[in-house]
Structures are given as structure tokens and as C-alpha cells.
Amino acid sequence: MNQLYKVELATRLADRVYEYWIRAPQVAQHARAGQFIILRLHEAGERIPLTISAVRGDAVRVIFMAVGKTTQELATLRAGNSIKDVVGPLGKPSEIANYGTCCVIGGGVGIASTPLIAKELKSAGNHVIGIIGARNADLLILEDEMREVCDELHITTDDGSKGIHGFASDVLKKLLEEQTINRVWIVGPAIMMKVTSGVTVPYGVKTYVSLNPIMVDGTGMCGSCRVTVGGETKFACVDGPEFDAHQVDFTELMQRQRIYTGQEKVSIERFAEHRCRCGEGGGHHE
Ligand SMILES: Cc1cc2nc3c(=O)[nH]c(=O)nc-3n(C[C@H](O)[C@H](O)[C@H](O)COP(=O)(O)OP(=O)(O)OC[C@H]3O[C@@H](n4cnc5c(N)ncnc54)[C@H](O)[C@@H]3O)c2cc1C
Ligand code: FES
């Protein structure tokens, strides 16, 4: 059956950051915190992974930053447009249980993953502390939603335009000095996850990070999402994307994320040329 996945709502949240609700009943029915979808816009499109940020009825929410060809093309869609393929939920769900006090940290567009993790931890009986950080106040997303699902919420901005002037790692360090935290989740850029998870090492607090290597098939077949965890090769799409942060080889992850930089640049230039020729000015969002 040639099913299409309709975009029910398309909203611009911040500069180059968009929130889409996509009708995908099979995915919505089974989705859990920590999982993701792989979508393909059209027959000739590239497959890209995006975290399932929320579920409502038959629809799943994705929040993405338009960084390259496919995400920029995705950003031109409006409510009512359709996506060719949506596969998921993929990956292992977050390891939710009643641990006591948990801290859920999101950086930049990585904040997209945090409300669902925080919500499931809260439902499991945990005291949930949220920390969300962005470069500046304009780029900070989902503050209200995180405030609703967390027992406490801390905000940081790199430039001090909102909340604490500094990084999520600074807040986490302070919290660890003051109280017992039993589990920590961190989702954000690789360097932020590396630095922030380093803070929990001396305290021996189990810390999960959601890794974002290049993915293609999402089924463990192609090997492009290979990461090293605890000295062993893992495939982030099927063994993760969440892993024990203290075991992750972040240096290798960051090197592998840059493998296709040349091709990605060519691809985005071609897409920009195509849009100019077609006179497209980008999508309209509510
Ligand atoms: C499990 C997982 C969940 C993710 N969730 C989100 C999310 O919720 N929101 C969000 O904005 N981004 C998310 N990403 C990253 C997102 O997939 C990439 O930004 C996207 O694929 C970029 O595609 P592009 O063609 O627009 O850019 P490109 O020009 O192809 O690349 C731009 C950047 O994205 C990285 N990238 C390219 N292709 C892939 C790929 N297939 N898989 C992973 N990274 C890639 C490149 O290394 C490069 O740094 C997630 C990645 C993974 C692995
Ligand atoms: S994306 Fe191909 S093995 Fe994970």
C-alpha cells in the first residue's frame, strides 16, 4: 500500500528550528521516549533520522533544525503536505524505572527529546529535574512544556540572555554538589554531551546520552551509525541511540559525523540553486 504521511501542523519555533506534527498512526501507537523515526520526503529523497518528541492521538511530533539539504527541504513543507515514508519507532526506548531523582538535560535542538523522557520518568515515580540550555533566549525551545513535566526546571544560555549565564554542565555540577541524583539523561550536540557527562564521572552517577551519528537504513544493516561504547562496536540505530555516556568514544563519534561534509556541502548548494530556479522562497508556518 502506498501510504503517505500528512503533516498536520507545521510551526516555526526559532531560527531554523521547526515543529511538525505528522500523522503516522502505527508509529504513534508504539512510540516510547528515546526512540526515533526515519523519514524520506519523496522517492529520490535521502533518509534522515529524527527523534520522536511527543505523541498525540495518531500523530507524532518532530522538532528539527534545518541544517542541510533534507532538513531545509523538509522545512518548506506546510500543514496539509505529505511525506513519502515514515519508518518507526526505531531504536531502544529510554531505560525508564523508578530511580529516585533524575536529571534530564537538553541542549539546543536536543531539547526536543527531553519532555517525553521527563514525562515517562515522572510517571514512573521519579523526582525529575530538567535543565535546558541554548546559545541565547531566542533559540530556547519547549520551556513551558518542560516546566509542566518536571518538578524543577533550570535554564541556561551561553550569552546570559535568559536564565543562568553559562552551560548546563555548570548547573549539573552545582546540583550534584548539593544533593543525590540517581540518573542523568543528556541530549544535545556531541561536544555538549561529552563535556556534560564528564561532570557525573566523579560522582559515579549513571548517565545516558542519545548519540546522533550518520544513519542510513536504521535497521543495523549498513553500518554507517557505528559507534564505540566500552571498547565494543555498536550500531546506534538498533543498540541505541541511548548509551552509557561514560563508555562512549566521543572523539570517534565527532570524527565520523564529519565524514560526508564535502558531499553535504555540494548537496545543499544544488538544492539552493534549484530553489532559486523554481522561485521558491521557503515554507509558510503558523
Ligand atoms: C537518532 C537520531 C535522532 C535525531 N534527531 C534529531 C532531531 O530530533 N532534530 C534534529 O534537528 N536533528 C536530529 N538528528 C540529526 C538529523 O538527522 C540531521 O540533522 C539530518 O540528518 C541532517 O540532514 P540534512 O540533509 O538536512 O543535512 P546534511 O547536509 O546531510 O548534514 C548536516 C549535518 O547533519 C548530519 N547528518 C547528515 N545526515 C545524517 C543522517 N542520516 N543521520 C544523522 N546525521 C546526519 C551531518 O553529519 C551534518 O553534521 C538526529 C540524528 C539521529 C541519529
Ligand atoms: S543506520 Fe545502518 S546500521 Fe545503523
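Which elements do the buried residues of H3 pack against? The section on helix H3 gives the answer.

## The model

This is a predicted model, in which local features need pLDDT of at least 70 and side-chain atom pairs count only at pLDDT 80 or more, while totals for chains, interfaces and linings use all residues. Residues are numbered from 1 along each chain as its sequence is written, and chains are lettered from A and ligands numbered from 1 in the order in which they are written.

The protein chain has nine helices and 17 strands. Helices (H or I, at least four residues) and strands (E, at least two) are DSSP runs, numbered from the N terminus. Of its 286 residues, 45% are buried. A residue is buried if 20 or more other C-beta atoms lie within 10 Å of its own, exposed if 12 or fewer, and partly exposed in between, with C-beta atoms placed from the backbone. Two residues are in contact if those C-beta atoms lie within 7 Å. Among contacts with a separation of 6 or more, 65% join residues 24 or more positions apart.

## Helix H3

Helix H3 spans residues 114-123. Eight of its 10 residues are buried, so the rest of the structure largely encloses H3. The buried ones are Thr-114, Pro-115, Leu-116, Ile-117, Ala-118, Lys-119, Glu-120 and Leu-121.

They pack against strand E5 (54-56), E9, strand E10 (127-134), helix H4 (143-149) and E13. Just after H3, Gly-125 takes a positive phi of about 100°.

## The nonpolar core

The largest nonpolar core holds 83 residues. Such a core is a set of buried Ala, Val, Leu, Ile, Met, Phe, Trp, Tyr and Cys residues joined through C-beta atoms within 7 Å. Ile-22, Ile-37, Val-60, Cys-103, Val-104 and Ile-105 have the most contacts inside this core. Strand E6 (residues 59-65) gives the most to it, with six residues. Domain 1 (5-91) and domain 2 (101-257) both contribute, so the core lies between them. The domain bounds come from an automatic or database domain assignment.

Leaving out residues up to four places away in sequence, Ile-22 touches Tyr-5, Val-7, Glu-8, Ala-59, Val-60, Val-62, Ile-83 and Val-86.

## Helix H6 and its partners

Helix H6 covers residues 190-200. Its buried residues are Met-192, Met-193, Lys-194, Thr-196, Ser-197, Val-199 and Thr-200. These pack against E9, helix H5 (168-178), strand E13 (183-187), strand E14 (206-210) and helix H8 (250-257).

H6 and H8 pack at an angle of about 175°, with their axes 10 Å apart. Axes are lines fitted to C-alpha atoms, for helices over the stretch in contact, and angles run from 0 to 180 degrees between N-to-C directions. The two helices are therefore roughly antiparallel, a term for angles over 145 degrees. Ala-190, Ile-191 and Lys-194 of H6 meet Phe-250, Leu-253, Met-254 and Gln-257 of H8.

## Two loop residues

Tyr-99 sits in the loop between strand E8 (85-90) and strand E9 (101-107). Tyr-99 is partly exposed, with 17 other C-beta atoms within 10 Å. Not counting residues up to four places away in sequence, Tyr-99 touches Asn-126, Asn-182 and Arg-183. Tyr-99 and Ile-181 are 82 residues apart in sequence, and their C-alpha atoms are 9.0 Å apart.

Leu-77 lies in the loop between helix H2 (69-74) and strand E7 (82-83). Leu-77 is partly exposed, with 19 other C-beta atoms within 10 Å. Leu-77 and Ala-10 are 67 residues apart along the chain, with 7.6 Å between their C-alpha atoms.

Terms used
Parallel < 35°, antiparallel > 145°, perpendicular 65-115°, else oblique.
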